[in-house]
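User: I am new to this structure. Please take one part of it and walk me through that part closely.

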Amino acid sequence: MTGPTDDSVLVEVRGHAGYLTLNRPKALNALSHIMVRRIDDALAAWEHDPRIDTVVISGAGERGLCAGGDIRSIHDDARSDGMASADFWYDEYRLNARTARYRKPYVALMDGIVMGGGVGISAHGSVRVATERSRIAMPETGIGFVPDVGGTHLLSRAPGELGTHLALTGAPVGAADARLCGLVDYFVPSNWLPALLAALADTPANEAVGRYAAEPPDGELAAHRAWIDECYAADTVEEIIRRLLDTGLAEAKEAAGTILTKSPTALKVTLAALRAARELGSLERALEQEYRIACTALSSPDLVEGIRAQVIDKDRDPHWSPPTLAEVTEPDVARFFAPLGRRELSFARDVTLPTEEIGAR
C-alpha cells in the first residue's frame, strides 16, 4: 500500500508534551500504513520517557482530524490480493489497543470530520475533545464494510441502542451527541484550540482541558431515545426497519430509508458484530473479531463496489450483491466471523489493565 512521505505525521516535543499532527490536510488527513507506524513508534518511545507527561494528537488544516483510512488504496488492494490492507489493519488495530491502554494522558482533539480510522486514533484516548465543528461517524456500511478500529466495542457500549442506530445508518453526530454516546469527554470551542494546545505543554491534561471546556450546543439523540431504543432492540435488520417504519415518526422513517441504501450484507454483519461485542468484554476481543471481518470483506464484492460508488466514480449508486436483505443468508454472515488460521490478530489474554493504571479519563 503506497503512502505519503514522512511528513505525513509531524512529531514534536514541547515542554512536557508530545505532539502528533496528522499532516495530509488535502486528503482530510486520511491514514496510511506509514502514518500508523509513525504514530505507534512515537507512542512507544514516549510511554516510558520521563520528560513526556502528555500526548496530544490533532489534524492539520481546519476540515478535520481524520476522515478515516485511505480507502482508495484499500479499493485497489481488494481488487488484487488484499494482503497490503490486511497488513495495514493488523498494525492499525494494534495501535488502537495501545491508545486505549496508554499509561499517560492521551489527548485527542476531535475537531471537524472524524470518521472511521479517525475515530480509532481518538475515541479510545483518555481525554477526548470535540468542538462545534465536530462531525463524528462510523459510516462503513455505506461502502460495504463494517465499523472497525474498535468501533463495534465503542458503539455497543453507547446508552440503549444509540450505537446500533449510528452503526447501521452511519449518521454523523456533533459534540453533545458524541458525548452522550461515550465517544468524547469535553467540548471546547474551536477558537480556543490554539490556546489549549499551548497549555498542554506545561499543564496536566485534564486541568488544561478543563480551563477551556464549556457545555456544547444541544444535540438531537436524547430526544429520540424512546423510538431508537425500541426499534433497534430487534434481533434482525429487517425487523429494525419494520419497527422504524411502523412508528409513524418522520425521523424514524428517514433512518429506515438511510439504512436501506447501505450494503445488505454489511448491515447484517454489523448488527451481528455489535451484538457479539457486547459479550466479548474488552476492546482487544472486539478488535480480534473486527480483523476477521475486515479480512473477509476484502473478498466481498460489496467493499470494492461501495468504494467505487462513493469515492472513485462518485455516482452514489452502488449495486450491492446480494441486493436485498432477504437474500443475505445466515451462512453469508457467519463466514465473516470464521477463524483466519495463521493470519489471526491475537492479543495476549492478560492485556487489559486496571482502569486506574491507564491515563486518567
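Analyst: First, a term: a residue is buried when its relative accessible area is under 20%, exposed when over 50%, and partly exposed in between, using a 1.4 Å probe and protein chains only. Helices (H or I, at least four residues) and strands (E, at least two) are DSSP runs, numbered from the N terminus.

The model is predicted, so local features need pLDDT of at least 70 and side-chain atom pairs count only at pLDDT 80 or more, while totals for chains, interfaces and linings use all residues. Residues are numbered from 1 along each chain as its sequence is written, and side-chain values use heavy atoms, with hydrogens and water left out.

Strand 5 covers residues 106–110. Five of its five residues are buried, so the rest of the structure largely encloses this strand.

Next, the partners. Two strands pair if DSSP finds at least two bridges between them. Strand 5 runs parallel to strand 3, joined by three bridges. Here V55 is opposite Y106. Strand 5 also runs parallel to strand 7 (residues 127–130), through four bridges. There M110 faces A130.

Strand 3 spans residues 54–59, and five of its six residues are buried. Strand 2 (residues 17–22) pairs with strand 3 in the parallel sense, over six bridges. In that pairing, G18 lies opposite V55.

Helix 3 (residues 83–100) packs with helix 14 (residues 283–297) at about 165°, their axes 10 Å apart. Axes are lines fitted to C-alpha atoms, for helices over the stretch in contact, and angles run from 0 to 180 degrees between N-to-C directions. That makes the two helices roughly antiparallel, a label for angles over 145 degrees, with under 35 roughly parallel, 65 to 115 roughly perpendicular and the rest oblique.

Contact means heavy atoms within 4.5 Å. From helix 3, the contact residues include W89, Y90 and Y93; from helix 14, they include L287, E290 and Y291.

Last, a loop residue. R79 sits between helix 2 (71–78) and helix 3. R79 is exposed, at 63% relative accessible area. R79 and P301 are 222 residues apart in sequence, yet 9.4 Å apart in space, C-alpha to C-alpha.
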